[in-house]
Amino acid sequence: MLLLLLGIIVLHVAVLVLLFVSTIVSQWFMGNGHMVDLWQNCSMTGGNMRVCVSSSANEWLQSVQATMILSIIFSVLSLFLFFYQLFTITKGGRFYLTGIFQILAGLCVMSAASIYTVRHTEWHIHNSDYSYGFAYILAWVAFPLALLSGFIYVILRKRD
């Protein structure tokens, strides 16, 4: 049972790290010396100097920012709820509330990445020199892992 709990906690912390990195790092869309994320647009000048400006105030970008932040909040709440429920629920009880918050975190990150996928062409000129960055990919990797850990929490039963 201890190994199972440790594995669940490691999976949850891995999801949290993926969510934090994908939200903070400036690599959602990149190419030709430009790096774009949810918060700023950066480009390299001729002298290898990095110049960054704030991102656009588009409503869709603000919804991506909000849902990524919500996914982090839901995941952190889920981790705290797990530890709280671990010591308070009775034997045989399930971690429903923890699982629901983690599933909500997964759905939020899926919504954010989906909105960005559909709408980023309104913000950038799309050509073959540009590609999605690793932070965007990490967001998509965090989605199934968050859902998986959420379903594990829902199925998990407290033993002893």
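## Ser78 in helix α2

Let's start with Ser78, which sits in helix α2 (residues 59–88); helices here are DSSP runs of H or I with at least four residues, numbered from the N terminus. This is a predicted model, in which local features need pLDDT of at least 70 and side-chain atom pairs count only at pLDDT 80 or more, while totals for chains, interfaces and linings use all residues. Residues are numbered from 1 along each chain as its sequence is written, and side-chain values use heavy atoms, leaving out hydrogens and water.

With a relative accessible area of 0%, Ser78 is buried (under 20%; exposed is over 50% and partly exposed in between, with a 1.4 Å probe and protein chains only). The Ser78 side chain reaches the backbone oxygen of Thr98 at 2.8 Å. Residues in contact with Ser78 (heavy atoms within 4.5 Å) include His12, Phe101 and Tyr153, leaving aside residues up to four places away in sequence.

## Aromatic pairs

Rings of Phe, Tyr and Trp (its six-membered ring) pair if their centres lie within 6.5 Å; planes under 30 degrees apart are stacked, over 60 edge-to-face, and the rest tilted. That rule gives 10 aromatic pairs. Tyr116 and Tyr136 form a tilted one, because their planes meet at 45 degrees, with ring centres 6.1 Å apart. This pair links distant parts of the chain, joining helix α3 (residues 96–119) to helix α4 (residues 134–155). Both tyrosines, Tyr116 and Tyr136, are buried.

Another pair, Trp140 and Phe143, is edge-to-face, at 6.2 Å centre to centre and 85 degrees between the planes. Both lie in helix α4, three residues apart. Trp140 is partly exposed at 29%, whereas Phe143 is buried at 18%.

Notes
Helix = DSSP H or I, 4+ residues; strand = E, 2+ residues; numbered from the N terminus. Polar contact = N/O pair within 3.5 Å; in protein donor to acceptor, adjacent residues only side chain to side chain.
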